[in-house]
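Work through the exercises below with the sequence and model at hand. Each task is followed by its solution.

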Amino acid sequence: MAAQNQITVTSPLLPNLEEYNALLQDIWNRKWITNNGYYHQQLEQALAEYLRVPYISLFTNGTLPLITALQALGITEGEVITTPYSFVATSHSIWWNKLKPVFVDIEEDTCGMNPTKIEEAITDKTVAIMPVHCYGCPCNVQAIDAIAKKHNLKVIYDAAHAFGVKIAAPKPPKGGVLDSADPMLYERLKEFAKENRNHPTQAEEVLWSILSRSREDRAPIPPNGGECNTPLSGLGGYKFRRQHIIGQYIADFVCLEKMLVIELDGKYHFLPDQMVDDAVRTDYLNRLGYHVLRFTNEEILCDTDNALAKIFDALQHPLQGAWGHLQRPLQGDGGLVSILKYGDVSTLSFHATKVYNTIEGGAMVMHTPEMKYDVDNLKNFGFRGETTVVAPGINSKMDEMRAAYGLLNLKQVDKAIEARKHVASMYVDALKDVKGIRLFPYEITPFQNADGLSSFSLGEDRGEAHFLWNFAYFPILVTEEYGKTRDELYFHMREQGILGRRYFYPLITDFEPYKDYLSAKPENLPVANRIANQVICLPMHHALSDVDVEKVLNAVAN
């Protein structure tokens with residue numbers, strides 16, 4: 001069949017060519033095409049804001065941040081516990097650092113590493129854990145991080161599939177002022193609120209100067225980023241309070257009439273622990289019926305008009321959403337937190353096959369400015385300054401062309417994820433009752449609400465888990481009841497011009513460099529081996545039409 005008529009398993013997200021050519025012309029004019037140029041810096045900032053992470057460092061591909069992470073964490077000898085169910089870059093990064101990979105079996109319902117097996121594999125030689133968020137499905141990060149803390153191990157999450165994925169933060173505390181007022185706590189909160197009002201940040205002062213203007217002086221501003229004649233344009237006459245106590249928290253600004261809370265975040269809000277605290281806080285406010293709009297201080301100070309337009313739009317168009325009868329947050333993570341905040345570092349791939357791509361590319365997410373400084377040195381040969389080399393680093397910097405490409409793709413990735421979600425919903429509706437086809441690991445529940453909030457059972461110890469999926473892949477398992485083997489279906493699809501992928505097959509532990517490890521023996525990895533022999537990833541990308549999807553479904557059904 002002609003290649004142009006084939007339905008491919010992935011398709012790259014491509015920016016508008018005219019827009020890209022305009023940025024290329026600007027790069028030509030600047031004559032700075034690599035080495036931390038203008039677009040490189042712009043993309044790092046934009047990705048940190050989009051992904052809600054404190055610090056990010058761009059790389060030329062997705063393998064090099066894995067290799068560099070181990071070096072940056074000072075891991076020079078010992079064993080790293082990892083998964084056999086991944087792309088070989090995961091284990092290769094361990095090998096390139098002259099460390100020994102130790103493979104453990106995976107969970108049935110997530111394809112992530114089984115925490116029980118991790119704990120069983122720890123010895124006095126173990127120095128780190130390298131789990132993978134397979135297919136964009138979060139592995140059991142709470143259990144893995146608890147094990148790492150208990151045994152003083154580093155954790156490097158391979159999040160190549162997990163661009164934009166978020167998980168439910170810990171639930172807000174039960175009892176206390178959510179259910180009944182605590183006079184002592186309220187008095188303390190009053191003092192804090194008074195102190196905050198007397199000593200506002202610059203961003204708080206600027207925003208309050210707008211929100212506090214009298215109703216008579218206020219003139220509506222256009223929503224959705226329309227032109228605003230002055231930063232002091234009003235907000236339709238709505239009354240705001242500042243440093244207002246709601247339950248057990250102090251909201252920066254609140255409009256009680258519209259149940260809208262506005263929070264301003266300084267840099268410390270992107271630190272891992274604070275990100276969890278903020279997610280719990282937002283979920284708490286959601287449960288009281290408020291919706292939350294979050295801005296960075298820089299957005300208020302440097303892009304005031306756009307921030308005001310978003311506030312005005314939120315006042316005019318409150319949204320109903322995923323949390324039952326409650327209103328959902330309009331911006332920020334709500335009761336969710338980025339999967340990238342867990343562990344010591346996380347790494348991303350921006351390969352052309354991924355949800356978001358920079359043609360080739362990758363990134364490392366870290367939690368401190370000191371580590372970003374070290375990583376930025378390591379990806380530039382280990383140079384620190386012009387004449388000093390502090391470590392045997394490597395050249396893995398992203399160039400300006402790919403950074404500009406990535407900036408344009410960031411503008412359209414949300415729309416692409418929505419298109420993927422539509423494809424996934426068609427697959428689920430058609431395949432959920434097909435005998436011998438298991439929709440794995442998402443079963444049939446991910447599409448219950450407008451936000452793409454997915455839920456699935458993880459067993460009695462973890463209950464029902466919730467996460468915001470990016471629809472990176474759509475794996476199915478072909479069991480004996482289907483009537484064909486996995487490989488028979490795979491080649492049947494190819495005959496119909498449909499390119500699925502047996503992903504991940506074979507296992508890493510079947511490859512020559514790793515097959516002789518004791519931990520690679522099939523009897524030690526029963527779940528991983530079974531799933532590897534049953535899995536096919538169906539075509540999943542933003543460019544699939546309904547006709548394409550129906551063709552895939554017909555091939556699976558026949």
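**Exercise 1.** How are α3 and α4 oriented to each other?

Solution. This is a predicted model, in which local features need pLDDT of at least 70, side-chain atom pairs count only at pLDDT 80 or more, and totals for chains, interfaces and linings use all residues. Residues are numbered from 1 along each chain as its sequence is written, and side-chain values use heavy atoms, without hydrogens and water.

Step 1: helix α3 (residues 64-72) packs against helix α4 (residues 89-96) at an angle of about 40°, and their axes are 8 Å apart.
Step 2: angles under 35 degrees count as roughly parallel, over 145 as roughly antiparallel, 65 to 115 as roughly perpendicular and the rest as oblique.
Step 3: α3 and α4 are therefore oblique to each other.

**Exercise 2.** Find the residues of α3 that meet α4.

Solution. Contact means heavy atoms within 4.5 Å. Leu 66, Ile 67 and Leu 70 of α3 meet Ala 89, Thr 90, Ser 93, Ile 94 and Trp 96 of α4. By class, this contact has 6 nonpolar, 2 polar and no charged residues.

**Exercise 3.** Is Ala 251 buried or exposed?

Solution. Buried means under 20% relative accessible area, exposed over 50%, and partly exposed in between (1.4 Å probe, protein chains only). Ala 251 lies in strand β8 (residues 249-255). Its relative accessible area is 2%, so Ala 251 is buried. Beyond its neighbours within four places in sequence, Ala 251 has contacts including Val 261 and Arg 281.

Terms used. Axes fitted to C-alpha atoms, helices over the stretch in contact; angles between N-to-C directions. Helix = DSSP H or I, 4+ residues; strand = E, 2+ residues; numbered from the N terminus. Nonpolar A, V, L, I, M, F, W, Y, C, P; charged D, E, K, R; others polar.
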